[in-house]
Amino acid sequence: LDSFCDEQGHINTDFPSIIWQVGFHPVETGTKVIVLMTFENESDVQKLVEIGVESGFAAALTNLDELLKHIK
């Protein structure tokens with residue numbers, strides 16, 4: 001479960017939470033990453049897209065690609 005929180009770690013209920021399931025699976029050409037994100041409703045998805053979670057997650061995947069290139 002992923003939630004926004006304050007500096008003390010208290011969950012900020014003004015923002016929706018996300019349930020994440022992440023799997024790393026070997027394939028012939030490398031590793032396949034499967035991410036399943038579950039939201040309570042569509043408006044939660046829209047709110048997170050509006051604040052930039054989608055682009056932030058895309059950037060994190062790019063960083064993961066770069067990291068994996070260096071640890072082979």
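A residue is called buried under 20% relative accessible area, exposed over 50%, and partly exposed in between. Leu-61 has a relative accessibility of 33%, so this residue counts as partly exposed. The model described here is predicted.

Leu-61 belongs to helix 2, which covers residues 53–70.

## Strands 1 and 2

Strand 1 (residues 19–27) and strand 2 (residues 30–38) run antiparallel and are joined by 9 bridges.

Two of the partners can be named. Val-27 has Gly-30 in strand 2 as its bridge partner, and Gly-23 has Ile-34 in strand 2.

## A nonpolar surface patch

Which residues form a nonpolar patch on the surface? They are Val-22, Phe-24 and Val-33, and together they have about 260 Å² of accessible area.

Val-22 is located in strand 1. Its relative accessible area is 46%, and Val-22 is therefore partly exposed. A patch residue needs over 30% relative accessible area, and the 46% of Val-22 is the value to set against that cut-off.

## Aromatic contacts

A search of the whole structure gives 2 aromatic pairs. One of them is formed by Phe-4 and Phe-15, with 4.9 Å centre to centre and 40 degrees between the planes, and is classed as tilted. Phe-4 and Phe-15 both lie in the segment before strand 1, 11 residues apart, and the pair links distant parts of the chain. The tilted class follows from the angle: planes under 30 degrees apart count as stacked, over 60 as edge-to-face and the rest as tilted, so 40 degrees gives a tilted pair.

Are Phe-4 and Phe-15 buried, partly exposed or exposed? Phe-4 has a relative accessible area of 34% and is partly exposed. Phe-15, at 27% relative accessibility, also counts as partly exposed. Phe-15 has a further contact: the charged end of Lys-47 sits over the ring of Phe-15, 5.3 Å from the ring centre.

How many salt bridges does the structure hold? The structure holds 1. The side chains of Glu-66 and Lys-69 meet in a salt bridge with an N to O distance of 3.1 Å. The cut-off for such a contact is 4 Å, so the 3.1 Å of Glu-66 and Lys-69 qualifies.

Glu-66 and Lys-69 are both part of helix 2 and lie 3 residues apart, about one turn of the helix. Glu-66 is partly exposed because its relative accessible area is 37%. Lys-69 is exposed because its relative accessible area is 54%.

## His-70 in helix 2

His-70 is also placed in helix 2. With 65% relative accessibility, His-70 counts as exposed.

His-70 and Phe-4 are 66 residues apart in sequence, and their C-alpha atoms are 30 Å apart in space.

Key:
Residues are numbered from 1 along each chain as its sequence is written. This is a predicted model: local features need pLDDT of at least 70, side-chain atom pairs count only at pLDDT 80 or more; totals for chains, interfaces and linings use all residues. Side-chain values use heavy atoms; hydrogens and water are left out. Two strands pair if DSSP finds at least two bridges between them. Helices (H or I, at least four residues) and strands (E, at least two) are DSSP runs, numbered from the N terminus. Patches are made of residues with over 30% relative accessible area and no salt bridge: like charges are joined within 9 Å, nonpolar side chains (Val, Leu, Ile, Met, Phe, Trp, Tyr) within 5 Å. Accessible areas come from the Shrake-Rupley method with a 1.4 Å probe; for residues, only the protein chains shown count as cover. Buried means under 20% relative accessible area, exposed over 50%, partly exposed in between (1.4 Å probe, protein chains only). Rings of Phe, Tyr and Trp (its six-membered ring) pair if their centres lie within 6.5 Å; planes under 30 degrees apart count as stacked, over 60 as edge-to-face and the rest as tilted. A charge sits over a ring if NZ of Lys or CZ of Arg is within 6 Å of the ring centre and within 35 degrees of the ring normal.
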